[in-house]
Amino acid sequence: TVGAFRDTPLQTPQLPFISNVTGTWITDTEATDPRYWAKQIRQTVNFSAGISEILQTHNSVLLEIGGGRTLATLAKQHQANSETTFLTSLPHPKDNIADTKFVLNTLGQ
């Protein structure tokens, strides 16, 4: 698996993001290491630790991309501060609202 990433140009991130491998902010060393990306594919996602790390920042906005609310629901189970906003990009399949209207409402929030 590492071989697939050896030929891929890896660069340091322009924006900070949480590593699903460690559950903390990714380092430049990790982001440019083919072995890290091989772990990313094969290891269990460390979602809970990552959400806990994000929720330590103030005025956080967590946006779930895609249909449904599974990740937003899981994130809400953590002890979020009152400044945290949870949003989803598309309505749940059972919601009776047009996608465009839902997305525009989310953008407004």
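## A cap on helix α3

A polar contact is a pair of N or O atoms within 3.5 Å. Asp33 caps the N-terminal end of α3, with one of its side-chain oxygens 2.9 Å from the backbone nitrogen of Arg35.

The helix itself covers residues 34–42, and Pro34, Tyr36 and Ala38 are buried in it. What lies over these buried residues? Their cover includes α1 and α2.

## How confident is the prediction?

The protein has an average pLDDT of 87, and 97% of its residues score at least 70. Where is confidence lowest, and where is it highest? The lowest mean, 74, belongs to helix α1 (residues 2–6), while helix α2 (residues 28–31) has the highest, at 96.

## Two loop residues

Let's visit two loops. Gly23 sits in the loop between α1 and α2, and Asn59 sits in the loop between α4 and β1. Is each one buried or exposed? Gly23 has a relative accessible area of 2%, and it counts as buried because that value is under the 20% cut-off. Asn59 has a relative accessibility of 59%, so it is exposed, the cut-off here being over 50%.

Which residues does Gly23 touch, leaving aside those up to four places away in sequence? Its partners are Ile18, Asn46, Ala49, Gly50 and Glu53. Gly23 and His58 are 35 residues apart along the chain, and their C-alpha atoms are separated by 18 Å. For Asn59 and Arg35, 24 residues apart in sequence, the C-alpha to C-alpha distance is 33 Å. Arg35 is the residue whose backbone nitrogen takes part in the cap on α3.

## The largest pocket

Now for some open space: the largest pocket holds about 370 Å³. It is lined by 17 residues, and those closest to its centre are Phe47, Ile51, Ile54, Leu62 and Leu63. Which elements give two or more residues to this lining? They are the helices α4 (47–54) and α5 (70–76), together with the strands β1 (61–64) and β2 (85–88).

What kinds of residue make up the lining? There are 13 nonpolar residues, three polar ones and one charged one.

Methods:
Residues numbered from 1 in each chain as written. Predicted model: local features only at pLDDT ≥ 70, side-chain atom pairs only at ≥ 80, totals over all residues. Heavy atoms only, no water. 1 Å grid on protein atoms, 1.4 Å probe; cavity = no way out; pocket = protein on both sides within 12 Å on 5 of 7 lines; lining within 4 Å. Points joined across faces, edges and corners; volume = space filled by probe spheres on them. Helix = DSSP H or I, 4+ residues; strand = E, 2+ residues; numbered from the N terminus. Nonpolar A, V, L, I, M, F, W, Y, C, P; charged D, E, K, R; others polar. pLDDT = per-residue confidence, 0-100. Buried < 20%, exposed > 50% of the residue type's maximum accessible area, 1.4 Å probe, protein only. Contact = heavy atoms within 4.5 Å. Polar contact = N/O pair within 3.5 Å; in protein donor to acceptor, adjacent residues only side chain to side chain.
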